[in-house]
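I open this notebook to record what I looked up in the structure. The entries follow the order in which I consulted it.

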Amino acid sequence: IFSHTSPEMWFQGLFPPSVCPANANVDTFYGIMFDAGSTGTRIHIYTFVQRSPDQPLELEGEIFESVKPGLSAYVDQPEKGAETVRGLLEMAEDAVPPSHWKKTPVVLKATAGLRLLAEQKAQALLSEVREVFEESPFLVPDNSVSIMDGTYEGILAWITVNFLTGQLYGQNQQTFGILDLGGASTQITFLPHSKETLEQTPVDFLASFEMFNNTYKLYTHSYLGFGLKAARLAALGALEKEATDGHMFRSSCLPKQLEAEWHFGGVKYQYGGNREGETGFEPCYSEVLKVVQGKLHQPNEIHRRSFYAFSYYYDRAVDTDLIDYEKGGVLEVRDFERKAKEVCNNVDSYSSASPFLCMDLSYIAALLKEGFGFGDSTLLQLTKKVNNIETSWTLGATFHLLQLLGVSH
Ligand SMILES: Nc1nc2c(ncn2[C@@H]2O[C@H](COP(=O)(O)OP(=O)(O)O)[C@@H](O)[C@H]2O)c(=O)[nH]1
Ligand SMILES: [Ca+2]
C-alpha cells in the first residue's frame with residue numbers, strides 16, 4: 001500500500017536524505033523504471049520511504065531524464081541503442097546511494113515503437129539492453145527488459161493518475177479516465193460504472209487488475225498505429241506504399257510549398273504540401289478522418305466520465321497556447337477543433353512551429369470526436385505532472401514491480 005508524503009514532511013527537501021531529521025528511522029527504497037517509447041527513452045527514478053514496518057510506503061519523489069530518439073530508431077544498430085540506455089542508467093548511480101544499489105530494481109518496458117518492429121530486430125535491441133543491465137550494480141529482476149502489452153500501458157497509466165490525484169485510497173473515490181497519445185499508439189482507459197458498458201464491450205477491452213488490495217475492472221485499449229506520428233504516416237498514405245524511397249507524400253494539411261524529409265522508426269519519408277490542390281482545415285480534416293473513422297470502439301459511458309489527457313494531447317495544446325506549459329489546464333474537446341481551424345487556415349503564419357501542427361491538431365480533434373466518440377463539450381484535464389510527479393505509466397509499473405518483489409503489499 002502506498003500513500004502520499006504527508007504535508008508536515010515539507011522540510012525534508014531542505015536536507016540531504018542522510019541528515020534529514022525525519023529520516024533518522026525510516027527506510028528508503030528506490031525503483032528505476034525505463035520507458036522505451038517510440039519517440040524517446042526515459043528513466044524515472046522513484047524514491048519511497050517507509051516510516052515503520054506497519055506503515056504504507058510513501059512516494060517521496062522522482063528523478064526524470066530522457067533522450068531522443070527512441071530505441072526503435074536504432075533498429076539496425078542495437079548496440080548503439082543500448083548505449084543510450086547505459087547513459088541514462090549512469091545517472092541512476094548518482095541518484096541512488098551505493099548502499100542501496102544491490103536492492104534497487106531496474107526494469108525497462110518498451111511500447112509501440114518496438115511493437116511495430118520485426119520481432120527479431122526488436123529482440124536484438126532488448127538483448128543488448130539486457131546486457132547493459134547485467135553490467136550495472138542494480139538488481140535485475142527476471143524478465144526485466146521486455147515489450148509491454150498495450151493493455152498494461154493503459155492500466156498502469158490509470159493507476160498513476162488515480163494514485164497521484166488521491167482516488168485510490170480514502171473516502172470519496174471518484175476515479176478519472178486517462179487518454180494517452182504516444183508517437184505510435186494511443187490508449188484510453190476508465191473504470192466503467194454502468195452495467196451496460198460491461199455488457200456491451202468486447203471482452204478484450206476489459207481487464208482486471210489488482211493493486212493496493214483492490215481489484216479494478218477497467219475498460220482499456222491500446223490502438224497500435226494510432227499514435228500521433230503513426231497517424232501522420234497514415235494520413236500521408238505512407239503506410240500503404242511498400243517502397244517509400246524517393247516517393248513524395250503530399251497532404252492538404254501541410255504548407256503548400258513545403259518539401260522535406262522525416263525519419264521515423266528507422267525509415268526515411270519525403271513529404272510535402274499540396275502544391276496544386278487544396279489546403280486548409282476542410283480538406284485536411286477529411287484526410288485525417290479517414291485514419292480514424294469506423295476504426296475505434298466507442299463506449300457510451302465516456303460522456304459521463306472525467307478524463308485526464310497527457311503526452312501529445314498536452315504537447316500540442318502547449319504549442320498552440322491552449323494551455324500553459326507548467327500549469328496545464330482544462331479544455332473542451334471542441335477547443336482542439338477550433339485551434340485546428342485557426343492553424344490550418346493560416347498554415348503559413350504558423351510555419352515557424354512544426355509544419356505538422358495543422359495535421360496534428362486536426363488528427364487530435366478527429367480522434368477524440370469521430371474516433372472515441374467524445375462530445376464537443378466534454379472536459380479534458382490536461383496534465384503533465386501531479387504533485388511534481390510525471391503522469392506516466394511508469395509509476396504504476398513501479399508500484400506493480402515493488403508489489404511483485406514483495407517490497408510492498
Ligand atoms: N508527462 C509525460 N509525458 C511523457 C513522458 N514521457 C513521454 N512523454 C510524452 O509521450 C509522447 C511520446 O510518446 P512515446 O512514449 O514516445 O510513444 P509511444 O511508444 O507510442 O507511447 C510525447 O508527447 C512525450 O512528451 C513523461 O514521463 N511524462
Ligand atoms: Ca508513451
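**Entry 1. Ligand contacts**

I began with the ligand and found that an N or O atom in the side chain of Glu390 lies 2.4 Å from a nitrogen atom of ligand 1. I counted as a polar contact a pair of N or O atoms within 3.5 Å; within protein, one must be able to donate a hydrogen and the other to accept it, and residues adjacent in sequence count only if both atoms are side-chain atoms. I then noted that Ser185 brings a polar backbone atom to 3.1 Å from an oxygen atom of ligand 1. For His44, I read a distance of 3.5 Å between a polar side-chain atom and an oxygen atom of ligand 1. Of the 580 Å² of accessible area that ligand 1 has on its own, the protein covers 90% (Shrake-Rupley method, 1.4 Å probe; for residues, only the protein chains shown count as cover).

**Entry 2. Basis of the values**

I record that this is a predicted model, in which local features need pLDDT of at least 70 and side-chain atom pairs count only at pLDDT 80 or more, while totals for chains, interfaces and linings use all residues. Residues are numbered from 1 along each chain as its sequence is written, chains are lettered from A and ligands numbered from 1 in the order in which they are written, and side-chain values use heavy atoms, with hydrogens and water left out.

**Entry 3. The shell around the ligand**

How many residues surround ligand 1? I found 21, and the closest are Thr39, Arg42, Thr111, Asp315 and Glu390 (near means that a heavy atom of the residue lies within 4 Å). I sorted the shell into 4 nonpolar, 12 polar and 5 charged residues. Here Ala, Val, Leu, Ile, Met, Phe, Trp, Tyr, Cys and Pro count as nonpolar, Asp, Glu, Lys and Arg as charged, and the others, Gly among them, as polar. Domain 1 (2–148) and domain 2 (228–385) each give at least three residues to this shell; the bounds come from an automatic or database domain assignment.

**Entry 4. The sheet of 7 strands**

I next traced an open sheet of 7 strands with mixed pairing, in the order β9-β10-β8-β7-β14-β16-β15. Strands (E, at least two residues) and helices (H or I, at least four) are DSSP runs numbered from the N terminus, and two strands pair if DSSP finds at least two bridges between them. Why is one side of β9 and of β15 left without a neighbour in the sheet? β9 (206–211) and β15 (329–332) stand at the edges, and each has a single partner strand, so one side of each stays without a neighbour. I noted an average twist of 30° from one strand to the next.

β9 and β10 (residues 214–224) run antiparallel and are joined by 6 bridges. I located Leu218 of β10 as the bridge partner of Ala207, and Asn214 of β10 as that of Met211. This hairpin has 2 residues between the strands, and Phe212 takes a positive phi near 50° there.

**Entry 5. The sheet of 3 strands**

I found an open sheet of 3 strands in the order β11-β13-β12, with mixed pairing. Its edge strands, β11 (248–251) and β12 (259–264), each pair on one side only. β12 and β13 (residues 267–273) pair in the antiparallel sense over 6 bridges, and I saw His263 opposite Lys268 in β13.

**Entry 6. A cis peptide bond**

Lastly, I noted that Lys68 and Pro69 are joined by a cis peptide bond with omega about -5°. Pro69 belongs to the loop between β4 (57–67) and α1 (78–95).

Conventions:
Axes are lines fitted to C-alpha atoms, for helices over the stretch in contact, and angles run from 0 to 180 degrees between N-to-C directions.
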